[in-house]
Amino acid sequence: MQIIPFFVRGIAHSSYILAGKKSCAVIDPQRDVEVYIRETKSRGLKITHILETHLHADFVSGHMDLAELTGAPIYAPEAAKCEFEHVGLVEEDKFEIEDMTVRVLETPGHTPEHISYVVSDTSRGPDPTAVFCGDTLFVGDVGRPDLFPGKARELASILYDSLHKKLLSLPDSCEVYPAHGEGSLCGRAMGAKRSSTIGYERKYNYALQIPDREGFIENLTTDMPPAPDHFSRCSEINRKGLTKLREIPPLKELPPGEFFRFAGRDDTEVLDSRHYDNFGGEHVPGAWCIDLRSNFATYAGWLLLPEKQILLVSDSEENARESAVWLHRVGLDRIVGFLSGEMFAWATAGLRASHVPQVSIPELYEWARSKNPPLILDVRAPSEYESFHIENALNIQVQDLRERYRELDPEAEYAVICSTGQRSGIGCSILKKHGFSRVNNAAGGMTGYNAAGFGPECPMCALSWAGKAGKKETAVIQQGK
């Protein structure tokens, strides 16, 4: 028995190959499935099963592509009522993969149809060896039950039973393999470690320490982080059966003139995935700024409408194609192409550009104390703002700025700030899209503000899932005001 993990940074998604000597299953596959094809080929394995724990809300699964490429059947919860060909599973269903017996437990709560796969390695003994529990149980946390409007308390109660009557009945030695890790918004306080055991979680998981059902329900339905917009779309995409990646038109390389003509259409959005300071120097008017090195997929899924066509601006063809992969992962498939020659080609074609001044933190500190200070707009989460913020700063979380910009004076001067400059870059692009002309980005954000000595010391979280950015964009500043 072998367990081979895969982890997608940014959306913090874990998937697995469960393998014997010659055959294997892929559990909760990511959308771009070539990683499993390469891995199994290198090990001489045949994919014979594709296992889904639930209808994933935060990403589009790769089950359809993987089934087409391998001929393996898809196994999914019967309660999900999936519209594609699959094997529907219910409580205590069993199947075998070589010397492994896989038993199904129905573990709803995070979603109504959720199941877990309990695996016993019968070559060694009958006891459960591992459980692939999807989003029911995480390392240090449990799945959020509030993704279905009006059903949060009901699902939290069901989740309590799934945990205490089902998963916690497994042996302490049973290994826990969840579908997400630190950084995912499918929970609230996941640990950085990507696997655990039932015994360790029983002893140290905060949610499992809540002894009574009502206290558990109250805790799991209070002060949960907001759910991105694509959470309400992806589960239905996964249920119906998504468009296969091979059926999506290839990404076009568009010269500036053709890009300009596309960008002027009402059904098209321009997405700039360069670093916020590059965006500030020069960008296509009306473009969104979502830094590829930030939590790119989550914010793209949160902010962009799936019915709109997308044009990409990047600082290389490689990054444009990487941006497209991330967009596909959250169900944004209508990607027309990318700007050939980057913004240099746009400029040399004589086309109009827009700009966002980048203000250093010492400059902002002095400006805020001058006779004509800007309005400081803090686009971090309320918990971050409450921990520490610049005096008189207005707090509107970045995703809420899409609607709440109407509360602001478009003639005023703004300095937009977050923790590093990435979310504030998004905020600046939102304001610019709505006609605000006097918009400045606070480069370095509150991290720089505290590093410069203008606020309390800020031990920012360096997270494994944050990728090239190196810092968690949504980290909470630990010190009080």
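Predicted model: local features only at pLDDT ≥ 70, side-chain atom pairs only at ≥ 80, totals over all residues.
Trainee: Where is Ser 120 found?

Mentor: Ser 120 sits in strand β9, residues 115–121.

Trainee: What makes the pair formed by the side chain of Ser 120 and the backbone oxygen of Pro 126 a polar contact?

Mentor: A polar atom of that side chain lies 3.1 Å from the oxygen. The cut-off is within 3.5 Å. The side chain of Ser 120 also reaches the backbone oxygen of Asp 127, at 3.5 Å.

Trainee: Which residues is Ser 120 in contact with, leaving aside neighbours within four places in sequence?

Mentor: Asp 99, Met 100 and Thr 101, along with Pro 126, Asp 127, Pro 128 and Thr 129. Contact here means heavy atoms within 4.5 Å.

Trainee: Now the second largest pocket. How do you know that it lies between domain 1 and domain 2?

Mentor: Domain 1 (2–231) and domain 2 (248–349) both give residues to its lining, so the pocket lies between them.

Trainee: How much space lies in that pocket, and which residues are closest to its centre?

Mentor: About 300 Å³. Of its 14 lining residues, Leu 245, Ile 248, Ala 324, Val 325 and His 328 are the closest to the centre.

Trainee: Which helix gives the most to the lining?

Mentor: Helix α10, residues 317–329, with four residues.

Trainee: What is the lining by class?

Mentor: Eight residues are nonpolar, five charged and one polar.

Note on methods. Residues numbered from 1 in each chain as written. Heavy atoms only, no water. 1 Å grid on protein atoms, 1.4 Å probe; cavity = no way out; pocket = protein on both sides within 12 Å on 5 of 7 lines; lining within 4 Å. Points joined across faces, edges and corners; volume = space filled by probe spheres on them. Helix = DSSP H or I, 4+ residues; strand = E, 2+ residues; numbered from the N terminus. Nonpolar A, V, L, I, M, F, W, Y, C, P; charged D, E, K, R; others polar. Domains from an automatic or database assignment. Polar contact = N/O pair within 3.5 Å; in protein donor to acceptor, adjacent residues only side chain to side chain.
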